Amino acid sequence: MEQMVPVGDGEVWADDSQGERTGAGERGESGGLPLVLLHPGVADSRIWDPVLPRLVERHRVIRFDVRGYGHSPAPTTKFSLVEDLVAVLDHFGLNRVALVGSSMGGAAAVNLALDDPARVAALALLVPGVTGYEGLAAPGFMAEVERLAGAGDMDGLVALTLRTFGAAGTDGDAEAAAHVRSVIPAWFTNHPHQVPDAPAFDRLGELGMPCVLALGEKDQPEVIRCNEAMAAHIPGCRLVRLRESDHLPTLREPETVANLILKACGGPAS
């Protein structure tokens, strides 16, 4: 069921699969914990569409668009990803969940797991970012983004982003291009308002819940190095290498990703 959820001085669009099924309680039809899906910065919550049917078979699933992305209005005041995530969980009355975060969403998931570990039962991190890690951005990427944005070159911004984050794409990669094109405006509307969450990389050793981290072997080298370092620092973390994935694993290997999430978050995988 789609709805707008109040967050601080704004609101975000959210979708709760429980509203689409009969008899699904807080723990879902088969007793699994609710899953909360957190999208990357290069796409909105539609990036989960390829894996969503598998997940809702076993879990209550909530996904939402960060402010400025997808159906969520652009921010007009200061906000943080973690504070908005907490507001969404509170709105749905979710006291304990499994967090599934991709890239930007992975960073938010880690921060909440450190801030409130009792609330996070498991982490499934897909090509995640993490606050407090130096050298995550590809050299020159942001400077080129600023140059292309100053020239009003949307096609150039899409092409740059796909070269950087979508190296596994073929045949024009129309699906990935559509995701990227739809969210680029959010990069600029959010920048003046988004407050960075606290550094987390040096605290990864504090995480105590089950965690799986999937990196894409065709992702940019900086992200791969970051993901390897994260997995090494998170106690008991299971590192999975997705051979055919770049920074968009739900598009590249949806069946593998769905199985990974279900196994990591307590549901059966085929």
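Student: How many strands form the sheet, and in what order do they lie?

Tutor: Please note that the model is predicted. Two strands count as paired if at least two bridges are found between them. Here 8 strands form an open sheet with mixed pairing, and their order is 1-2-4-3-5-6-7-8. From one strand to the next, the twist averages 25°.

Student: Which strands stand at the edges of the sheet?

Tutor: Strand 1 (2–7) and strand 8 (238–242) do; each has a single partner strand, so one side of each is left without a neighbour in the sheet.

Student: How many bridges join strand 3 to strand 4?

Tutor: Strand 3 (residues 35–38) and strand 4 (residues 61–64) run parallel and are joined by 3 bridges. Within this part of the sheet, Leu37 stands opposite Arg63 in strand 4.

Student: Which strands does helix 2 lie across?

Tutor: Helix 2 (residues 81–91) lies across strand 1, strand 2 (10–16), strand 3, strand 4 and strand 5 (97–102). Its direction is at about 125° to strand 1.

Student: What space lies in the largest pocket?

Tutor: The largest pocket holds about 1,300 Å³ of space. It is lined by 39 residues, of which Gly41, Met104, Leu136, Met142 and Gln194 are the closest to its centre. Helix 3 (104–115), helix 4 (141–150), helix 5 (154–165) and helix 6 (174–190) are the elements that each give two or more residues to the lining.

Student: How do the residues of that lining divide?

Tutor: The lining of the largest pocket has 23 nonpolar, 13 polar and 3 charged residues.

Key:
Residues are numbered from 1 along each chain as its sequence is written. This is a predicted model: local features need pLDDT of at least 70, side-chain atom pairs count only at pLDDT 80 or more; totals for chains, interfaces and linings use all residues. Side-chain values use heavy atoms; hydrogens and water are left out. On a 1 Å grid over the protein atoms alone, a cavity is a set of points where a 1.4 Å probe fits but cannot get out, and a pocket is an open set with protein on both sides within 12 Å along at least five of seven lines; lining residues have an atom within 4 Å of a point. Grid points are joined across faces, edges and corners, and a volume is the space filled by probe spheres set on the points. Helices (H or I, at least four residues) and strands (E, at least two) are DSSP runs, numbered from the N terminus. Ala, Val, Leu, Ile, Met, Phe, Trp, Tyr, Cys and Pro count as nonpolar, Asp, Glu, Lys and Arg as charged, and the others, Gly among them, as polar. Axes are lines fitted to C-alpha atoms, for helices over the stretch in contact, and angles run from 0 to 180 degrees between N-to-C directions. Contact means heavy atoms within 4.5 Å.
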